Amino acid sequence: MFLCFLLCWTGVDAVYNLKYTVEEELRAGTKIANVTADAKNAGFALGNRQPYLRVISNSEPRWVNLSPAGLLITKQKIDRDAVCRQTPKCFISLEVMSNSMEICVIKIEIIDVNDNAPRFPTNHIDIEISENAAPGTRFPLEGASDPDSGSNGIQTYTITPNDIFGLEIKTRGDGSKIAELVVEKTLDRETQSRYTFELTAEDGGDPPKSGTVQLNIKVIDSNDNNPVFDEPVYTVNVMENSPINTLVIDLNATDPDEGTNGEVVYSFINFVSNLTKQMFKIDPKTGVITVNGVLDHEELPVHEIDVQAKDLGPNSIPAHCKVIVNVIDINDNAPEIKLLSENSEMVEVSENAPLGYVIALVRVSDNDSGANGKVQCRLQGNVPFRLNEFESFSTLLVDGRLDREQRDMYNLTILAEDSGYPPLRSSKSFAVKVTDENDNPPYFTKPHYQAMVLENNVPGAFLLAVSARDPDLGMNGTVSYEIIKSEVRGMSVESYVTVNSNGEIYGVRAFNHEDTRTFEFKVSAKDGGDPPLTSNATVRIVVLDVNDNTPVMTTPPLVNGTAEVSIPKNAGVGYLVTQIKADDYDEGENGRLTYSISEGDMAYFEIDQINGEVRTTKTFGENAKPSYQITVVAHDHGQTSLSASAYIVIYLSPDLNAQEQIGPVNLSLIFIIALGSIAVILFVTMIFVAVKCKRDNKEIRTYNC
């Protein structure tokens, strides 16, 4: 086996060619080559998984096959003579494509083996020759056939014995050899009327093979004159698809005899092929050859017709000529477009395919020859694809950016037109489906989310939902959510919130506004691609205050909810008994407190609702009780108000000085009076200075005058 690497370049695109040479008759299952290894050595880019190469076209799928591992193996015994008959070169061609969409053309030349011997169609050949046939007269003999080609085909003929007759070997237009019997000595029927020879056909194999037939020659009495053609060989041209009875040639063989001895009959020689007999007919009286079938240049461009003319006299010697009919091609075949892909109606390409990426092979053929078979192709429309033409096929390449999210399907049409007159056209339409790649990360509908949540929420309660979209398909567009690890007040954020696969966020614990008024965390959206793509959004949870804290009394100090204070017995109206203070950890209205006296000796005391100051409302007489009791309540302004109370016991003491007790009030009054006095003094001083300055100015003006 012989291997040849060949790399063809057109622009920046490469087509790799591998050529192998094998002999025919290989048994089924024979390994021809490791195409994977040879292609890799030639620089061909292969994928990482089987099948490394995908067969796009195979001219002889019954003979050879490419395994998933890239081994070229015979499927059955290769018989070159059945595949290529007698053509000098015999090739099996495969076109394969790698996972990276590179193309490799594999050609396997089948070398002929001399496995067939020449064979004659019959076991004897009988001919009649007039005794007056002059030396040099020729008689065509029916030839042998050999399926082998080239040097293994028939190369020569021999006749034994060869003392009276000889052979002249001629080559036909198709390359086959025929023999003509040549009279070398004068014949005498009275001396010998019959001859028997052995005709042998031998091929050029090593060793050669041969076939024989018995040649019987009968010498007949002379006929004065024999028919004679004007030319030994005639060449004519006939257009293919010519109508039946179209004239091909009008043959004329002359015989000077009169009567039946001069009446000539025309016929095809017996060994003219059956196809030729189907395509043409000859008028036996006139020698006119006409079309009798459908001539097809593509099927057989040249026909060779062997004709004999024989008079009706006794012992006639026939005349022979050859008519070579060239079937002229006309533009009767439109171009044929084949899309070499797994699906001839649909081609798939990834949206991430780079420029120049091969997505399919296109083979355009035209059975006509010359200009009639020269085809030009083009891709119709403004599409991100183009055709790149090679010798035997074209590649369909990506020629622009693909984005499945913008357009996932293209309907392409390839137009092919030959150069005949008039030109013939054909078209092939197919769809290109753009497959999805994970090229889009999920995106949130908004970058920031915020939820207002009342404190003391139930653990597991729904808080809010985030949403992310991904325009990709399948797993590439399937979005899952997770909370990015962080801390809130020194604890994992996952102990506060959780998110499910739908983006719904739930509280894990009950929130306390007084501990955590607001906190933030990030939610990640991840698609199912490989590798996955992600994006983040920020979520802010605002914990709203709930009136869940009861006010707490802080002043005066309470013992078991009771406080005791003493005031002078002679305290007047408005005397400050004590100041009630309470705290509420809630905010806003929930934490704003109002004070009131709910029960007790309410006739003697009043309380400021805002600052909680408790003062007397009347004086105590001689008959006053030694102590008085009131219940003071501090309540907030929540929707459901919460309150705290204190039981105040007020003792009347004769030892205390009422002036001292109201000192704080008097000091305040004194401070206010002092400030007012200072303001009055400053005002009077400013008026005095202003008047004096005005008077001085008058005196100065008078002196100046």
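What share of the contacts in the protein with a separation of 6 or more comes from residues 24 or more positions apart? The share is 67%, where contact means heavy atoms within 4.5 Å.

This is a predicted model, so local features need pLDDT of at least 70, side-chain atom pairs count only at pLDDT 80 or more, and totals for chains, interfaces and linings use all residues. Residues are numbered from 1 along each chain as its sequence is written, and side-chain values use heavy atoms, with hydrogens and water left out.

## Overall form

The protein has five helices and 52 strands. Both kinds of element are DSSP runs, numbered from the N terminus: helices are H or I with at least four residues, strands are E with at least two. The radius of gyration is 60 Å, well over the 27 Å from the globule rule for 705 residues, so the protein is more spread out than a compact globule. That radius is taken over C-alpha atoms, and the rule is 2.2 Å times the number of residues to the power 0.38. The C-alpha trace spans about 195 × 85 × 45 Å along its principal axes.

Of the 705 residues, 41% are buried. Buried means under 20% relative accessible area, exposed over 50%, and partly exposed in between, with a 1.4 Å probe and protein chains only. The protein exposes about 37,700 Å², and carbon and sulfur atoms supply 51% of that area. Accessible areas come from the Shrake-Rupley method with a 1.4 Å probe; for residues, only the protein chains shown count as cover.

## Strand pairing

Strands of a sheet pair through backbone hydrogen bonds, either parallel or antiparallel. Here two strands pair if DSSP finds at least two bridges between them.

β3 and β6 (residues 71-74) run antiparallel and are joined by three bridges. K31 has I73 of β6 as its bridge partner.

Further along, β37 (residues 479-483) pairs with β42 (residues 518-527) in the antiparallel sense over five bridges. Y481 stands opposite A525 in β42. Y481 also belongs to the covered face of β37, with V479 and I483. S480 and E482 form the uncovered face.

N114 lies in the loop between β8 (103-111) and β9 (124-130). Its relative accessible area is 14%, so N114 is buried. Beyond four places in sequence, N114 contacts D148, N152, D203, G205, D206, P207, P208 and K209. N114 and S149 are 35 residues apart in sequence, yet 8.5 Å apart in space, C-alpha to C-alpha.

T594 sits in strand β48 (residues 593-600). T594 counts as buried because its relative accessibility is 9%. Setting aside residues up to four places away in sequence, T594 touches Q609, V633, A634, H635 and H637.

The table lists polar contacts of both residues. A polar contact is a pair of N or O atoms within 3.5 Å; within protein, one must be able to donate a hydrogen and the other to accept it, and residues adjacent in sequence count only if both atoms are side-chain atoms.

| Side chain | Partner | Distance |
|---|---|---|
| N114 | D203 side chain | 3.4 Å |
| T594 | H637 side chain | 3.1 Å |
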